[in-house]
Amino acid sequence: MKILTNIAVSESGYLFNPTNGDSFSSNLVATDIITLMKQNKTSDEIKKALQAKYDVEKSTIERDYDEFIQELGDNYLLSTDGK
Amino acid sequence: MGSKKKITVAVTGLNAVDSPGPGVAVARGVRELEGYDVRIIGLSYEALEPGIYMEGIADKTYQIPYPSAGSESLMMRLEYINEQEKIDVLIPNFDAELYNFIKLSPKLKEMGINTYMPTTEQFEARDKVNLYAFCQKHGFYVPRDKTIYNVSELPAVAAHFNYPMVVKGKYYEAVVCQTLDQAQKAFHKLEAKWGLPIIVQEYISGTEINVAALGDGHGETVSAVPMRKLFITDKGKAWAGVTLEDSRLVKLAKDFIKATNWRGGFELELMVTTDGRPYFMEINPRFPAWIYLTVGAGQNQPAALVKLAMGEKVKPYETYEVGKTFIRYSWDMIIDIEQFQHFSAFGEN
């Protein structure tokens, strides 16, 4: 899954979708995920990076990651054609 | 500074209130016209329009008769104002006054006053009562609608569209109605305020997007900037908004201009459904009140219109800044009562 390339993300975790004007505030973990997605990291690479940074179970990372990806999709922030 | 050409531009719509006219924003844009020393003449209907008294907006303001007084009395007043001010360009900013100004435009031209307005045909084609047929003809998505003259027609229309449906005034205002009772109340309220007919429209769910644009009268687009409202007042007006990056919306404005050879500024009010279909809700035949956002985003539409009106070539804008945001605010100005009294008594300040 890739995040839309034109999504703007600030250091503070503020997301702006320039296509429809939607904006979101994200927490630290979500900001990390988005930053890594924008660096074209795979889901496995992202999960590993999160596990290395945060002291939590692998299953928790898996669940949180999947939920967050679902949320990005629900808000039209994911690319459906790989762009 | 000395090489700047002097230009006098008259604007209406100085009512920068909770349901604002575009005049103040248009004047701000025109003031930034490069290469000109701009003098702004305000044309107001009421003595309490804030733009009359705001610093840096109008250099002088004159009261003009309401559109209901007809084009003749408007012409008489404009002749007087022009004797004092030698107006180069006049920009009307209200739907309700446009018909009179379009009608007078040849006479205004003779007086040396340039305008850049749609033709009567263009103006009428996009009118609320003709919107459905217009969009069907040109292949634009549009909600079904029905123009009615009597409240007794509502039940049959409701049976056709189902609830919710939108009851709209001839010129302004729209009410989303969930029941027949609400629709009847809306009918009477809008009839009392704006007269007949009333337009009943199918309800379309989606994101409200607006596009401010400028056509050169020959099918070419000089500028088009899409905006999403971030904060909407109880009157449905944008109190904050952000420019969007969506080439489909810009193309839509271009398609509209090509289809109509639109001359002047206009605003597309669109409802974009979750599957991405842009429905035309309204086409306003003048700049919107948020037009200064186009200036902030790098496309000064009011200034470009003045140049077109003066017969200058204007290179179409190609880019604008995405994510530029406007936030409107209210501000208590303090003026002396004499200023208000003077304007009320003499019709000019």
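**Reading the model**

Guide: In chain A, strand β3 (residues 14-16) is joined to β2(A) by 2 bridges, and these strands run antiparallel. Helices (H or I, at least four residues) and strands (E, at least two) are DSSP runs, numbered from the N terminus. This is a predicted model, in which local features need pLDDT of at least 70 and side-chain atom pairs count only at pLDDT 80 or more, while totals for chains, interfaces and linings use all residues. Residues are numbered from 1 along each chain as its sequence is written, and chains are lettered from A and ligands numbered from 1 in the order in which they are written.

Visitor: In what order do the 3 strands of the open sheet in chain A lie?

Guide: Strands of a sheet pair through backbone hydrogen bonds, either parallel or antiparallel. Here the order is β2-β3-β4 (chain A), with antiparallel pairing. The edge strands, each pairing on one side only, are β2 (8-9) and β4 (23-25) of chain A. Two strands pair if DSSP finds at least two bridges between them. Opposite Leu15(A) in β3(A) stands Val9(A).

Visitor: At what angle do helix α2 and helix α3 of chain A pack?

Guide: Two packed helices are described by the angle between their axes and the distance between the axes. Helix α2 (residues 43-53) and helix α3 (residues 58-74) of chain A pack at about 130°, with axes 10 Å apart. Axes are lines fitted to C-alpha atoms, for helices over the stretch in contact, and angles run from 0 to 180 degrees between N-to-C directions. The helices α2(A) and α3(A) are therefore oblique to each other. Angles under 35 degrees count as roughly parallel, over 145 as roughly antiparallel, 65 to 115 as roughly perpendicular and the rest as oblique.

Visitor: How do α1(B) and α10(B) lie relative to each other, and why?

Guide: Helix α1 (residues 23-31) and helix α10 (residues 301-309) of chain B pack at an angle of about 70°, their axes being 7 Å apart. They are therefore roughly perpendicular to each other. On the side of α1(B), the contact is made by Val26(B), Gly29(B) and Val30(B), and on that of α10(B) by Gln301(B), Pro302(B), Ala303(B) and Val306(B). Residues are in contact if their C-beta atoms, placed from the backbone, lie within 7 Å.

Visitor: Is Val295(B) buried or exposed?

Guide: A residue is buried if 20 or more other C-beta atoms lie within 10 Å of its own, exposed if 12 or fewer, and partly exposed in between. Val295(B) has 22 other C-beta atoms within 10 Å and is therefore buried. This residue lies in helix α9 (residues 292-296) of chain B. Not counting residues up to four places away in sequence, Val295(B) touches Arg28(B), Gly29(B), Glu32(B) and Asn300(B).

Visitor: Which peptide bond is cis, with omega near -5°?

Guide: That bond runs from Tyr163(B) to Pro164(B). Pro164(B) lies in the loop between α6 (154-161) and β6 (165-168) of chain B. Leu196(B) and Pro197(B) are also joined by a cis peptide bond, with omega about 0°.

Definitions and conventions
Contact = placed C-beta atoms within 7 Å.
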